[in-house]
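Subject: Structure handover

Hi,

Here is the structure we talked about. Please open it alongside these notes.

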Amino acid sequence: MSEDGDDAYKIDLTQFLQDYLADAREGFQEAFDALLALDREPERAEFLDEVFRVMHTLKSSSTMLEFTEIAEAAHMTEDLLDGLKSHMPLEKETVDLLIEAVEKIEGMVRLRAHGKADESAFRDVADRMRGIVSIGLPPGERHRVPEGVRPGKSAATRRAADISLEKVATVRVHTNLLDNLFNMVGELIITKNRIDNIVQDIERKDLKTAISDMRRIIDVLQENVSVARMVPVDEIFQKFPRMVRELARERGRDVDLLVEGNEIEIDKALIDAIGEPLIHMLRNAVDHGIEPPDERLRLGKEGRGSIRLAASRTESHILIDVEDDGCGIDAANIKSLAVEKGFVSHEDANSMRERDALNLLFRPGFSSVSNVTDVSGRGVGLDVVLTSARKMGGLVEIATKPGKGTRFTLKLPLTTSIIQTLMVASGGSVFAIPSDMVLETTDISPGDIKEVGGDRVMNMAGRVIPFMRLDSLLNARNITGGISGSVVIIQMDDRLVALGVDEVLNQMENIIKPFDPIARNFRGFSGGIIMGDGRVALLLDVPSLIHVDALRAEGF
Amino acid sequence: MAEAVLLREDAEAEEIEQDQYLVFTVKGQEFGVQAMRIQEINAMQDIAEVPNAPHYVEGILNLRGRLVSVINFRKRFGFEAKEHDEDTRIIIMEHAGFPVGIIVDIVEEVIKIQGEKVQQIPPTATSSLPEGYITGVGLMDNRLIILLDADRILNKSDIPDALAMKDVIDSVQKTVAGGSERPPPQ
């Protein structure tokens, strides 16, 4: 931290700029929210006041930092907002211009963050503003702040005024520090597991008590550090209303995005990772879910479609729904298309359950087949969504009703880095399986396994499920080949698979260590675990290992 | 891990220079990689085997709580396998921001090979390897040290032909021995 202490003056300015940027970012978000609301209800002038307040605050803080081009642009936007009050309700084009203006200013602020400025960035927007109302009052003239609007204070003034009154309840912490803390907790858990290993044969009551105290403290510590890493999904959700609006405009759709559960918190490692799949899902909903307005009207629906983006949490998972009230997906269409394109045989398609037919959409290459969007009403990049979900240890579910709409659910584990795993021995090595995929474990004898058409199956409470040995899946060197040992019943969606292993060892809490770039290419594993004795056990990526897609095709 | 030699600490004390190389031996041939890229050198330790991985991947080891992929230099370049012995070392090298391990027969030393002692190899001599694998040949007294580009040999996308390195060694020895009036290396 030596670089922090050398130049107090410089740091002060940097801190000032940081505060300015943070305030501006918050302000832009409020402005965009207000403008999107205005887009829905163009007659409500109070939304204009919201934007006005943001512009006013930005103008004064920009003036203070001598960011004159931003101050001027904010000033002109204030003029426009003022003038528009007598033009209610607003035309759609006017709202678009306002959004564009705020976007331009946002871009100018971003430039300043990198130490650059563009004096002319706003010129074109300003010209178009002049076409609507007269703007450009003398720069010195102060604006009358609308009634009921709290004049904003810059971060600096606020700090000076309030700092002695408020107790500091939160501090900003660099994410690197959080990562370090988190890693150290991981190390602590590994060390704890190691100690457990060493002391298991030592009969000393005081030692056992001390270790169980330590275990409890580590649990609390781990929980607290995990909570500290949580951020609200709003961090990413807030980008979507604008994106969906933009997409809808491009595609000639009329769409409302309803956001729910944006206060739900998830691990910060997941925040970045869910962005891409969610963009795919939303784009998909706009492109292929929501019908064009005239078609919707003809079908007796409201002309404006709606997409619901909702986060919620269960005991073990975070669920993110993207649900549209569009055309839905017809499983029969998917089937006939899959046959046509050679993904499945005609017979398989006929006996295929609806759910499995829908899952065909996630096959790599299926959705990029030409014309699929026209025929099935579904399209691009769903395999990407599934791949990203799996990388996060999650999955994707589809529910659909033709004519009514479709819901895609991204189902993610609560925390990614510390999970319960079942340790198993197979082919001379130890592997870890995420416990939430394990339905149960049981011993088997050869009589439990039958051969059906070349495949091994076993009977599980009246249900016939595929059986495969882990060591042969892994081409291990010491394949025992036999059918003795134990089976781990793996559950994926509603599908069960019996995985034969030499021995089921134990269940333990583990920190999942990420792979380096070389190991990331190893198929069938998604990370590793350092065991109590210091050895590495690989974490099985079960779906990719057992070729789930192939199972689907075989009708399991 | 008690034998770990931490080069990075030296690096901080006195800057490791561009022309310093870590020299190691595989099947009697000396190779050099820039010392500034080396993090540490470890004796053999437990390495978790990775089923279905490329043949030259020895596995994954636990480097003080980090998972590190380990490549076997012999397998990587098509030399016959050799039982690990007390001389076997794992060189931990920085690649794309991550540590990566490389198993070699023997680690010799860190030496300075000044520019004038590095001889460029005509491309024809190394044509069986992808371009850039070999950055030159260090000629020190009676030694012939093949200098490798650390990143290229770890890059998955351009795996050379299994026998290529052997050909190159032969070819390099001939070229260098013929081109400079030195006695051929033993």
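How many residues of chain A are in contact with residues of chain B? The count is 24 residues of chain A against 25 of chain B, where contact means heavy atoms within 4.5 Å.

Some ground rules. This is a predicted model, in which local features need pLDDT of at least 70 and side-chain atom pairs count only at pLDDT 80 or more, while totals for chains, interfaces and linings use all residues. Residues are numbered from 1 along each chain as its sequence is written, chains are lettered from A and ligands numbered from 1 in the order in which they are written, and side-chain values use heavy atoms, with hydrogens and water left out.

The interface

About 1,900 Å² is buried between chain A and chain B, and carbon and sulfur atoms give 65% of that area. Buried area here is the accessible area (1.4 Å probe) that two parts lose on being put together, summed over both. Salt bridges between the two chains number zero. The rule for those is a side-chain nitrogen of Lys or Arg within 4 Å of a carboxyl oxygen of Asp or Glu. Three residue pairs are in polar contact across the interface, both residues at pLDDT 80 or more. A polar contact is a pair of N or O atoms within 3.5 Å; within protein, one must be able to donate a hydrogen and the other to accept it, and residues adjacent in sequence count only if both atoms are side-chain atoms.

On the side of chain A that touches chain B, β17 (525–530) and β18 (536–540) of chain A each supply at least two residues. β17(A) gives the most, with four. Helices (H or I, at least four residues) and strands (E, at least two) are DSSP runs, numbered from the N terminus.

Chain A

Chain A has 20 helices and 18 strands. Of its 556 residues, 48% are buried, meaning under 20% relative accessible area (1.4 Å probe, protein chains only).

Look at helix α17 (residues 382–391) of chain A. Its buried residues include L382(A), V385(A) and L386(A). Their cover includes α11 (268–289), β6 (395–401) and β7 (405–413) of chain A. Just after α17(A), G393(A) takes a positive phi of about 80°.

One residue in chain B

Q29(B) sits in strand β3 (residues 29–34) of chain B. Is Q29(B) buried or exposed? Q29(B) is buried, at 7% relative accessible area. A polar atom of its side chain lies 3.1 Å from the backbone oxygen of L144(B). Leaving aside residues up to four places away in sequence, Q29(B) touches F24(B), L144(B), I146(B), I169(B) and Q173(B).

Best wishes

Terms used:
Buried means under 20% relative accessible area, exposed over 50%, partly exposed in between (1.4 Å probe, protein chains only).
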